[in-house]
Amino acid sequence: MKLRNKLKHWRHRKEMEQKEFAAFLGYDLSTYNRWERQAVQPNLITTWVISKKLGIHMDELFEEVEE
């Protein structure tokens, strides 16, 4: 099992483009883009910061997927 972030889902719920959402979260577009493409995952502290800005629990940023 593996975790996949749901940043794209939350971005769409906010009706924002990637650049706008990255700025809203306080990160540069290239970093955000790597997260959304699942190339890398945000670390624990970054996940906490993002969840606070979105007003959600950290668990809501991820979903379990089969490998």
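Student: Which helix is Ser 51 found in?

Tutor: Ser 51 sits in helix H4 of this predicted model.

Student: And is Ser 51 buried or exposed?

Tutor: The cut-off for buried is under 20% relative accessible area. Ser 51 comes out at 2%, so it counts as buried. Skipping residues up to four places away in sequence, Ser 51 touches Ile 56, His 57, Met 58 and Leu 61.

Student: Okay, now H3. Which of its residues are buried?

Tutor: Start with the general idea: an α-helix has 3.6 residues a turn, so residues three or four places apart point the same way. Now the case here: in H3, residues 29-36, the buried ones are Thr 31, Tyr 32, Trp 35 and Glu 36. They span an arc of only 135° around the axis, which puts them on the same side of H3.

Student: What covers those buried residues of H3?

Tutor: The cover includes strand S1 (2-5) plus helices H1 (7-13), H2 (18-25) and H4 (44-54). Take Tyr 32: leaving out neighbours within four places in sequence, its contacts are Leu 7, Lys 8, Arg 11, Gln 18, Phe 21, Ala 22 and Leu 25.

Student: How many residues does the largest nonpolar core have?

Tutor: In soluble globular proteins, nonpolar side chains tend to be buried together. Here the largest nonpolar core has 13 residues, and Leu 7, Phe 21, Tyr 32, Ile 50, Leu 54 and Leu 61 have the most contacts inside it. H1, H2, H3 and H4 each supply at least two residues of this core, and H2 gives the most, with 3 residues.

Conventions: Residues numbered from 1 in each chain as written. Predicted model: local features only at pLDDT ≥ 70, side-chain atom pairs only at ≥ 80, totals over all residues. Heavy atoms only, no water. Buried < 20%, exposed > 50% of the residue type's maximum accessible area, 1.4 Å probe, protein only. Helix = DSSP H or I, 4+ residues; strand = E, 2+ residues; numbered from the N terminus. Arc of directions from axis to C-beta. Contact = heavy atoms within 4.5 Å. Core = buried A, V, L, I, M, F, W, Y, C linked by side-chain atoms within 4.5 Å.
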